[in-house]
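Okay, thanks for coming, everyone. Let me put the model up, and then I'll walk you through a few spots in it.

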Amino acid sequence: MASSADNILHQTQLFTNFTAKQKLIIIAAIEVFAEKGYAAASTKEIALRAGVAEGNIYSRFTNKRGLLNAIIAPVLSQMFPDELDDFIKSRLHQDYVSLETFLTVLIKDRVTFLKDNAQIIKIVLSELLNDTQVRAQVVDGFTTQYWESMTHDLNAMVKRGLIVDWPLEDILRTMWSMTGGLILGFLYFDQPLNANTVNHAITAAIKALSPN
């Protein structure tokens, strides 16, 4: 399940205001928080994995919570908004010819993002459940442009008879339940996220949302 070292290094591009040693700490913290969860992780283990003295964590991040916040803050303020903006521009407001094409593109896009950023996403999801401020920030991150673009695409498909004529909230809930099952199974239950499982999820979504 874990992201590759290359992906973790790529993620540290978010942390340009940190020194090389501090980035090693952040990389180690991402790994440990994703593997064990925040509560079970220790600054001692993070320091050992980073190859630094434990005092280096306290001198820059104050404590374990400060280290976690240093990881989450740029993810919520930079990484997720940039990704959502790219998703809107590249995946929405497209003239999809079929429900299958629409769901295949959207679900595979989200799966790719999940695979590339699995550890970061697992950390944020855990905080999403436990921290109301993080939850509010994630919800607020879904911009008006996102909702307008998604509404436009779904209404167009309903009018063309390509998707079931349900309230848009029900359509979105069904789509999210399909991708959510893949995400949770992959992140928390070591379930495979391969071509077969993704295609099965797409097939199930097509059956659920087909107008016939």
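**The largest pocket**

So, the largest pocket is lined by 34 residues, and the ones nearest its centre are Leu 125, Val 138, Phe 142, Trp 176 and Ile 183. Helices H5 (64-91), H6 (99-116), H7 (118-130), H8 (132-141), H9 (144-159) and H10 (168-188) each give two or more residues to that lining. H10 gives the largest share, seven residues.

Quick housekeeping: this is a predicted model, where local features need pLDDT of at least 70, side-chain atom pairs count only at pLDDT 80 or more, and totals for chains, interfaces and linings use all residues. Residues are numbered from 1 along each chain as its sequence is written, and side-chain values use heavy atoms, with hydrogens and water left out.

What do I mean by a pocket? On a 1 Å grid over the protein atoms alone, it's an open set of points where a 1.4 Å probe fits, with protein on both sides within 12 Å along at least five of seven lines; lining residues have an atom within 4 Å of a point. Helices here are DSSP runs (H or I, at least four residues), numbered from the N terminus.

The pocket's volume is about 1200 Å³, taken as the space filled by probe spheres set on the points, which are joined across faces, edges and corners. Its lining splits into 27 nonpolar, four polar and three charged residues. Nonpolar is Ala, Val, Leu, Ile, Met, Phe, Trp, Tyr, Cys and Pro, charged is Asp, Glu, Lys and Arg, and the others, Gly among them, are polar.

**Rings**

On to aromatics: there are ten aromatic pairs, meaning Phe, Tyr or Trp rings (six-membered ring for Trp) with centres within 6.5 Å, stacked under 30 degrees, edge-to-face over 60 and tilted for the rest. One of them is Tyr 96 with Phe 102, edge-to-face at 5.3 Å centre to centre and 75° between the planes. Tyr 96 is buried at 7% relative accessible area, and Phe 102 is buried too, at 0%. Buried is under 20%, exposed over 50% and partly exposed in between, with a 1.4 Å probe and protein chains only.

Phe 87, Phe 142, Tyr 146, Trp 147 and Trp 176 form one aromatic cluster. You'll remember Phe 142 and Trp 176 from the pocket centre.

**Helix H3**

Last stop: Glu 45, in helix H3 (residues 43-50). The buried residues of H3 are Thr 43, Glu 45, Ile 46, Ala 47 and Ala 50. Leaving aside neighbours within four places in sequence, Glu 45 is in contact with Val 32 and Lys 36, contact being heavy atoms within 4.5 Å.
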